[in-house]
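Here are a few friendly notes to read with the model open beside you. Take the points in order, and turn the structure as you go.

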Amino acid sequence: MSDPATVLLEEIVAGLRAQKELAERALLQLDPHEWHARLSDHGNSVAVLVRHMAGNMRSRWRDFLHSDGEKPDRDRDGEFELGDESPETLWRQWEEGWRTAFDAVEALTPADLTRTVTVRGRPQPAARALIRQLDHYGQHVGQILFLAKHLRGASWQPLSIQARRARDAASEER
């Protein structure tokens, strides 16, 4: 049986992979113009959420154990500005962010979980920083799913296993 720290690391990696896959299954359903659609003048678009998550990952996970997670070259406020990037450009940012995250997290050892890391000048155990990031990404993935489902309307393809089984069964009956 694995020790709890190893299990925690494995579960964090699995959780990150699940968040990435879930978001991507929603993103793949969007038409190019829908990436920049907002529900209100004060709301975020999918493009903004993707840009923000990619910027966060690039900042948080570079040199995770040795430097502040808020890097000086990050333009956090700029991540929330309206833009006109193509879905292809946003996908590249997305993939780069996730690659940076997985490279860092998969390199961690159980002993690293108790090391102190700094995020925005606040020291904390690495385990806490990992869990906070998993939670942060889950919140934004939920926003991406909500927006994508709203934007696709009747053409939305459900992402849950149960919903896919029900859809497949209904189409078999026809």
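1. A residue is called buried when its relative accessible area is under 20%, exposed when that area is over 50%, and partly exposed in between. With that in hand, look at helix α2, which is mostly covered: 15 of its 16 residues are buried. The length of α2 also fits expectation, because 16 residues at 1.5 Å a residue should span 22 Å, and the end C-alpha atoms of α2 are 22 Å apart. Please keep in mind throughout that this is a predicted model.

2. Now step back to the whole chain. The protein has six helices and two strands, and from the N terminus on they run α-α-α-α-β-β-α-α. Its C-alpha atoms fill a box of roughly 55 × 45 × 25 Å along the principal axes. Of the 174 residues, 41% count as buried. How much of the contact between residues at least 6 apart in sequence joins residues at least 24 apart? The share is 75%.

3. Next, helix α5, which covers residues 126–152. It has 27 residues and reaches 39 Å from its first C-alpha to its last, close to the 39 Å expected at 1.5 Å a residue.

4. In soluble globular proteins, nonpolar side chains tend to be buried together. Here the largest nonpolar core has 41 residues, and those with the most contacts inside it are Trp 61, Phe 64, Leu 130 and Ile 144. The elements giving two or more residues to this core are α1 (4–27), α2 (46–61), α4 and α5. Which element gives the largest share of this core? That is α5, with ten residues.

5. Ile 144 is in contact with Ala 23, Ala 26, Leu 27, Val 46, Leu 49, Val 50, Met 53 and Trp 94. Is His 140 buried or exposed? At 11% relative accessibility, His 140 counts as buried, because the cut-off for buried is under 20%.

6. Aromatic rings deserve a point of their own. A pair of aromatic rings is described by the distance of the centres and the angle of the planes. The count comes to five aromatic pairs. In one of them, the rings of Trp 94 and Trp 98 have centres 5.6 Å apart and planes at 70 degrees, so this pair is edge-to-face; the cut-off for that label is over 60 degrees.

7. Stay with those two tryptophans. Trp 94 and Trp 98 both lie in helix α4 (residues 87–106), four residues apart, about one turn of the helix. An α-helix has 3.6 residues a turn, so residues three or four places apart point the same way. Trp 94 counts as buried at 0% relative accessibility, and Trp 98 is buried too, with a relative accessible area of 0%. Ring pairs link Trp 94, Trp 98, Phe 102 and Tyr 137 into a cluster. Look also for Arg 17, whose charged end sits over the ring of Phe 102, 4.1 Å from its centre.

8. Then find the two strands. Strand β1 (residues 116–119) and strand β2 (residues 122–125) pair in the antiparallel sense over four bridges. Val 119 has Arg 122 in β2 as its bridge partner. The two strands form a hairpin with two residues between them. Arg 120 lies in this loop and has a positive phi of about 55 degrees although it is not a glycine; at 48% relative accessibility, Arg 120 counts as partly exposed. Gly 121 lies in the loop as well, and Gly 121 is exposed, with a relative accessible area of 52%. The C-alpha atoms of Gly 121 and Arg 152 are separated by 41 Å.

9. Finally, return to the end of α2. Asp 63 lies in the loop between α2 and α3 (76–79). Its phi is near 55 degrees, a positive value in a residue other than glycine. At 41% relative accessibility, Asp 63 counts as partly exposed.

Conventions
Residues are numbered from 1 along each chain as its sequence is written. This is a predicted model: local features need pLDDT of at least 70, side-chain atom pairs count only at pLDDT 80 or more; totals for chains, interfaces and linings use all residues. Side-chain values use heavy atoms; hydrogens and water are left out. The expected span of a helix is 1.5 Å times one less than its number of residues. Rings of Phe, Tyr and Trp (its six-membered ring) pair if their centres lie within 6.5 Å; planes under 30 degrees apart count as stacked, over 60 as edge-to-face and the rest as tilted. Buried means under 20% relative accessible area, exposed over 50%, partly exposed in between (1.4 Å probe, protein chains only). A charge sits over a ring if NZ of Lys or CZ of Arg is within 6 Å of the ring centre and within 35 degrees of the ring normal. A nonpolar core is a set of buried Ala, Val, Leu, Ile, Met, Phe, Trp, Tyr and Cys residues joined through side-chain atoms within 4.5 Å. Contact means heavy atoms within 4.5 Å. Two strands pair if DSSP finds at least two bridges between them.
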